[in-house]
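Dear colleague,

Please find the structure below, followed by an account of what was found in it. I would be grateful if you could read the text with the structure open beside you.

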Amino acid sequence: MPLFNQPIMLAELARCTLVALLAFVCYILWLYLRWRFSPLFRLPGPKCNFTLREWVIGNIKIVDSEPFMAPQQRWWHEAGPRTQLLHYTQLFGRHFVCVMDADGVKQVLSPNDGVARPRFVKGIDHLNKVIGRGLVTMDGADWHRHRKIIQPSFHNQLLKEALNSCVPNLVTRMIDAWKEREGSEIDLVSHFSAIALDIIGTVAFSHNFRSMELVEQWAKDDNYQVELEDPLVQSIYSNMMPSKLKLLLIRLRLVFLERFINPESHRSMVILNRAVDDVVRRAKLRHNDRHEASTEAKCLLQLLFDAEPGSRHGSLSHNELREETKTFLVAGHETTSTLCVYAIYCLLKYPEKKDLVLDDIKKHSQKVRRVSLESTERMEYLDAFLKEVLRLFPPVGMITRHTADWVTILGEKIPPGTRIIVPIWLLHRHPDYWSEPESFKPERWLNSGQAERKFQPFAYLPFSAGSRNCIGQRFAMWEAKLILAPIIRDFEIKLSPSLEDVEPKIVNFITIKSIPSIKILAKPRQ
Ligand code: HEM
């Protein structure tokens, strides 16, 4: 007698398939109805006719195809400048609420409930594998513990010294390379990306990415373009931006299927984790071998190894450090290099400020080849200039949160699962908070910003604000000044002729980017 009755088995299989299909259809119907009757449609925003197509794609096509934040700015103007909350949708009825008001932003970024159960969460679990389950992606008590352990290292004088001893060397190498290939077009993104990668590698985890060697190779070879080839970096960035398929899987909560649909991405994650494991292990070995009296600068990881296991918040395990290493790499690399790119861009776009920046740099670094942190700390105008660059071109142009529960923002009830956007780019141009918002005026930051009478801390957010502000804020400003001061001092910079009369389109890919990318010609000053 056969062990299984084939017709019965087939009928059973068909029934199971039907039930699963029915459950899936009910789930989709539930998503649709939840979208259709959402109270958020009361808020101003683009018109919606509630068609099936609008539910499936929402406003994603417009948001993706236009320059960064242009549609939101248009909807905002259409709704009237007093509009505080703006609503639009994206794939499969995902609701977005853009907070256009500084008090509303304060409610989102500084909720006064405990850390154990935050009302606004990051909700980017799908990025855990890529950028690490670290400070950027974590929430609640885990985030709080990591932040308490890591924060002191960022305020450690030793970290400042590490930066001070590493950056001037690397900038000198870059300057020499630019001089060697004088007259050639320089793609700022790739060059600043290379130097920022070497800096974060050395200062954060004693790892040499050897990116500056690529710039040196470019100086010798006319046909060579600087491209960061490090497998660790490649692997992170190729997995960072979710594909449309991944977005769909995330929306339908089926992201676990990605492993089967896209095994390549899973394999590259394994390679990435091995590489980062290796970085942490080698830093640990160097830390253990360190002589008590060693004068060699300590990297961030080594400072974290020093964290007392018995102290109140304990220390981080090897796996936790591995995750944070990925986090520092992503959070600390492209952001700072983007700031440097737009600083040079602003120097060219607003030439009337160029001499003021140059005079300030020269005044404090005339007699030295290598510019140190001590001298950059005296450059008041450079500081104001960078603050203004960060206002008009904030590398992180928006912050997102998810509502974990029903929340009230500016008196409006927002359902759980809504994506909240803090549009840094637009807040930095809001006429209620800035005098002449579209003008580039570093002077507004002089004398601790006293000239800007409208100044509102939650309307200026290049490094965010509140408890989850950027832990690397001071690090980034030190680094940018150390890179930029000698470059501005030593070169006359011009926009590449290929970009004259072209207004670059700003897009958002982790940080803001220009299309076409910013290219310059740099001539050594006499
Ligand atoms: C110009 C350079 C930088 C800019 C504009 C910038 C901007 C930001 C912003 C806006 C946030 C908040 C993100 C959010 O809440 O979703 C943030 C968080 C963070 N940044 Fe930066 N950042 C810069 C450089 C750095 C550097 C150099 C590091 C580390 C070496 C770093 C590490 C972090 C970390 C770990 C967080 C998460 C903090 C937390 O949630 O506790 N950043 N950054």
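**The ligand and its surroundings**

A polar side-chain atom of K122 is found 3.4 Å from an oxygen atom of the ligand. Please keep in mind throughout that this is a predicted model. The backbone also takes part: a polar backbone atom of L135 lies 3.4 Å from an oxygen atom of the ligand. For R147, the distance from a polar side-chain atom to an oxygen atom of the ligand is 2.7 Å.

Which elements give two or more residues to the shell around the ligand? They are helix 7 (140-154), helix 16 (318-349), strand 5 (399-403) and helix 22 (473-490). Helix 16 contributes the most, with 5 residues. The shell has 26 residues, and those that come nearest to the ligand are W143, R147, R401, R468 and C470. By class, the shell consists of 16 nonpolar, 6 polar and 4 charged residues.

**The iron atom**

Which residue is the only protein donor of the iron atom of the ligand? That residue is C470, whose SG atom is at 2.3 Å from the iron. In the chain, C470 belongs to the loop between helix 21 (446-449) and helix 22.

**Two helices in contact**

Two packed helices are described by the angle between their axes and the distance between the axes. The axes of helix 17 (residues 354-365) and helix 22 come within 9 Å and cross at roughly 105 degrees. Angles of 65 to 115 degrees count as roughly perpendicular, and helix 17 is therefore roughly perpendicular to helix 22. On the side of helix 17, the contact is made by V357, L358, I361, K362 and S365; helix 22 supplies A485, I488 and R489. Sorted by class, this contact has 5 nonpolar, 1 polar and 2 charged residues.

**Two details of the backbone**

Most residues other than glycine have a negative phi, and most peptide bonds are trans. Two places in this model may be read against that background.

The peptide bond that joins I515 and P516 is cis, with omega at about -5 degrees. P516 is located in the loop between strand 11 (511-515) and strand 12 (519-524).

M69, a residue other than glycine, has a positive phi, near 70 degrees. The place of M69 is the loop between helix 3 (60-65) and helix 4 (70-79).

With kind regards

Conventions: Residues are numbered from 1 along each chain as its sequence is written. This is a predicted model: local features need pLDDT of at least 70, side-chain atom pairs count only at pLDDT 80 or more; totals for chains, interfaces and linings use all residues. Side-chain values use heavy atoms; hydrogens and water are left out. A residue is near a molecule or strand if one of its heavy atoms lies within 4 Å of it. A polar contact is a pair of N or O atoms within 3.5 Å; within protein, one must be able to donate a hydrogen and the other to accept it, and residues adjacent in sequence count only if both atoms are side-chain atoms. Helices (H or I, at least four residues) and strands (E, at least two) are DSSP runs, numbered from the N terminus. Ala, Val, Leu, Ile, Met, Phe, Trp, Tyr, Cys and Pro count as nonpolar, Asp, Glu, Lys and Arg as charged, and the others, Gly among them, as polar. Axes are lines fitted to C-alpha atoms, for helices over the stretch in contact, and angles run from 0 to 180 degrees between N-to-C directions. Angles under 35 degrees count as roughly parallel, over 145 as roughly antiparallel, 65 to 115 as roughly perpendicular and the rest as oblique. Contact means heavy atoms within 4.5 Å. Donors are N, O and S atoms within 2.8 Å of the metal (3.2 Å for Na, K and Ca); water is not among the atoms, so sites may look incomplete.
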